[in-house]
Amino acid sequence: MSSTLIDARQLARRFGEHTLFTTFDLRIAAGERVALVGDNGTGKSTLLRLLAGRDRPDGGRVERHGSLAYLPQLGRARRESTTVRGAALEALGVAQPTRVLDLAERWLGGDVAERAAIDACVARRRQRGESTWFASDDPIEAHAAALEAWLAAGADTADADLATGAARIGLPPDLLDRPLSALSSGQGVRAALLPLAARPHDAILLDEPTNHLDAGGRALLDDLVGAHQGALVVASHDRTFLAAHADRIVELDPRGGAPQVFAGGWDAYEREQAAARRGAQEAFDQATARRDELVAAERETRRRAAATRGRIHGAPRDGDKHVKEWFSMRADGVEARGATVGARAARIEIPDKPWKERPLTLELTAAEQRSRYVVALEGATVQRGAWTSPVFDVEIAAGERILLRGANGSGKSTLLGALGGTLPLASGIRDCGPQAVVSVLGAVEEALASEQVLVDAVRALTGLDPAPARGRLAQVGLLAELADRPASTLSPGERTRAELAVLGARRTTCLLLDEPSNHLDLRALEALEAALDGWPGALVVATHDEAFAERLRPTRELVL
């Protein structure tokens with residue numbers, strides 16, 4: 001088998017008038033560990049789907065060799081109605097060959113009507129330029145090819161492999177046929193990682209794999225990825241995970257240009273990127289400074305030449321022509337020197353000014369606090385289906401910074417919902433201080449997933465006029481092109497940025513953040529960290545991102 005497992009040539013992908021990339025080339029060799037990084041909306045998830053064969057490019061092609069597993073974002077998979085087994089078979093690349101083989105067998109064993117229906121379906125797909133499922137128009141040959149592809153995908157051992165993988169990661173076998181949406185948080189994490197534990201792969205493609213993982217799930221993921229001997233392609237904003245597992249960084253250009261490739265892993269990427277920015281800026285500054293110096297010298301020389309010519313008219317009135325000729329010759333010489341200096345200035349090559357992205361900012365202003373606490377829970381419980389939360393007795397003081405820790409399913413999100421008033425209490429009391437404003441990240445997610453234009457959705461949530469609303473969006477990197485799009489078309493990360501803009505517009509006294517780094521790109525996460533550094537309000541954060549937790553400098557921790 002070739003050492004190249006994935007070979008993408010001249011890939012192009014567009015969504016309406018928006019172009020993510022054109023002429024994109026990427027080659028993944030056996031054993032390589034490649035990280036895809038870039039701002040939200042640059043196409044990391046889209047590129048992974050193209051590389052995995054889940055989507056078709058608008059141009060170019062992708063060649064794949066060997067076995068491949070693709071794991072979409074955990075949150076996205078949990079919203080689907082498929083079972084644990086169904087999601088795992090999709091990730092293992094077994095589900096599609098199974099559907100094709102089933103179709104071929106139905107054609108061979110079906111009656112005239114069923115065969116006609118299948119033929120019509122295949123014809124429609126051909127007209128749309130999609131896969132025709134059948135490798136041949138001859139039904140016998142098509143069935144043979146489908147059977148060969150089914151065996152090549154390892155479908156004959158898939159169920160046994162899933163059982164082995166479930167035992168390896170501690171997932172009860174009776175959960176395999178349960179819908180993903182019916183699982184607890186901890187079970188959902190293990191279900192998402194099942195394809196990695198089920199069998200070895202030549203290449204695995206992971207989309208934000210650390211999202212929603214608690215410490216135990218994170219350790220399990222690190223063990224599985226660390227033990228993986230094949231190629232890895234991961235899209236992630238998790239700096240700790242990238243530093244541990246990536247040896248090549250591919251940075252997608254937010255302007256749709258060619259990607260930049262950095263060898264040597266995450267630490268080398270950060271150093272090289274910083275050095276490149278400094279070098280480009282220094283070269284630009286030096287060239288412009290030298291040019292400005294010569295331009296200034298030329299202007300001064302020409303000023304002196306003009307002054308010398310002016311002295312001709314102030315020469316002695318005896319009309320001594322030699323004196324006037326001397327001043328004229330001197331002025332000509334000065335002008336000639338000025339022209340020489342000007343020519344030197346024109347010959348200086350000024351490199352392109354280093355392109356700088358608009359810096360992201362997030363303004364958070366805590367409202368005046370008039371009591372010793374912002375929000376408190378006393379004897380509070382929350383009922384969610386058959387599950388009842390622990391009893392919460394919590395008091396959040398003004399300006400306090402609290403870090404929530406605990407495994408998935410321990411009640412961190414439930415506690416945040418109870419504090420924020422987004423979850424009704426089954427018992428107990430929730431009390432807010434005078435004029436306290438408690439804001440919850442995620443509370444307006446539904447409003448920002450509507451068909452309403454984004455800037456209008458933000459105005460409805462904040463009461464801002466159009467210009468200030470656009471200004472708030474621009475502060476978090478959502479400029480006019482995104483502000484005028486339906487909110488539902490934004491990526492999860494862009495939607496989280498919009499919600500941060502909404503929170504920044506409210507006079508919040510207590511900010512509740514539930515895994516804020518799950519969908520934020522690195523620039524947005526850094527902007528949030530910088531905003532929280534100087535924010536005077538109370539803060540309660542549930543996060544498994546150790547780098548983010550360390551930057552918060554919490555005053556205390558609550559462990560559930």
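## A buried helix

In this predicted model, the residues Lys412, Thr414, Leu415, Leu416, Gly417, Ala418, Leu419 and Gly420 of helix α13 are buried. Helix α13 covers residues 412-420, and because eight of its nine residues are buried, the helix is largely enclosed by the rest of the structure.

## The chain as a whole

The chain has 560 residues, and 46% of them count as buried. Its secondary structure consists of 19 helices and 19 strands.

Among contacts in the chain with a separation of 6 or more, 71% are made by residues 24 or more positions apart. The accessible surface of the chain is about 27,000 Å². Carbon and sulfur atoms account for 50% of this surface.

Leucine 36 stands opposite alanine 235 in β7.

## The three-stranded sheet

Another open sheet has three strands in the order β13-β10-β15, with antiparallel pairing. Its edges are formed by β13 (392-397) and β15 (427-432), each with a single partner strand, so one side of each is left without a neighbour in the sheet. With direction ignored, neighbouring strands of this sheet are turned by 0° against each other on average.

Strand β10 (residues 373-381) and β13 pair in the antiparallel sense over five bridges. Tyrosine 373 has alanine 397 as its bridge partner in β13. Strands of a sheet pair through backbone hydrogen bonds, in either the parallel or the antiparallel sense.

## Backbone angles

Most residues other than glycine have a negative phi. Glutamine 10 is not a glycine, yet has a positive phi of about 55°. Glutamine 10 is found in strand β1, which spans residues 4-15. The relative accessibility of glutamine 10 is 42%, so glutamine 10 counts as partly exposed.

Glutamate 208 is also not a glycine, and its phi is positive at about 45°. Where does glutamate 208 lie? Glutamate 208 is in the loop between β6 (203-207) and α9 (215-227). With a relative accessible area of 6%, glutamate 208 is buried.

## A glycine in helix α15

Glycine 471 is found in helix α15, which runs over residues 466-475. Its relative accessibility is 30%, and glycine 471 therefore counts as partly exposed.

Glycine 471 and valine 455 are 16 residues apart in sequence. In space, the C-alpha to C-alpha distance between glycine 471 and valine 455 is 9.9 Å.

## Cysteines

A disulfide is a covalent bond between the sulfur atoms of two cysteines. How many disulfides does the count come to? With a cut-off of 2.5 Å between cysteine sulfur atoms, the count comes to zero disulfides. Cysteine 510 is in no disulfide, and the nearest cysteine sulfur, that of cysteine 432, is 8.5 Å away.

Is cysteine 510 buried or exposed? At 0% relative accessibility, cysteine 510 counts as buried, whereas cysteine 432, at 28%, counts as partly exposed.

Conventions:
Residues numbered from 1 in each chain as written. Predicted model: local features only at pLDDT ≥ 70, side-chain atom pairs only at ≥ 80, totals over all residues. Heavy atoms only, no water. Helix = DSSP H or I, 4+ residues; strand = E, 2+ residues; numbered from the N terminus. Buried < 20%, exposed > 50% of the residue type's maximum accessible area, 1.4 Å probe, protein only. Contact = heavy atoms within 4.5 Å. Areas by Shrake-Rupley, 256 points an atom, 1.4 Å probe, with all protein chains shown as cover. Pairing = 2+ DSSP bridges. Axes fitted to C-alpha atoms, helices over the stretch in contact; angles between N-to-C directions.
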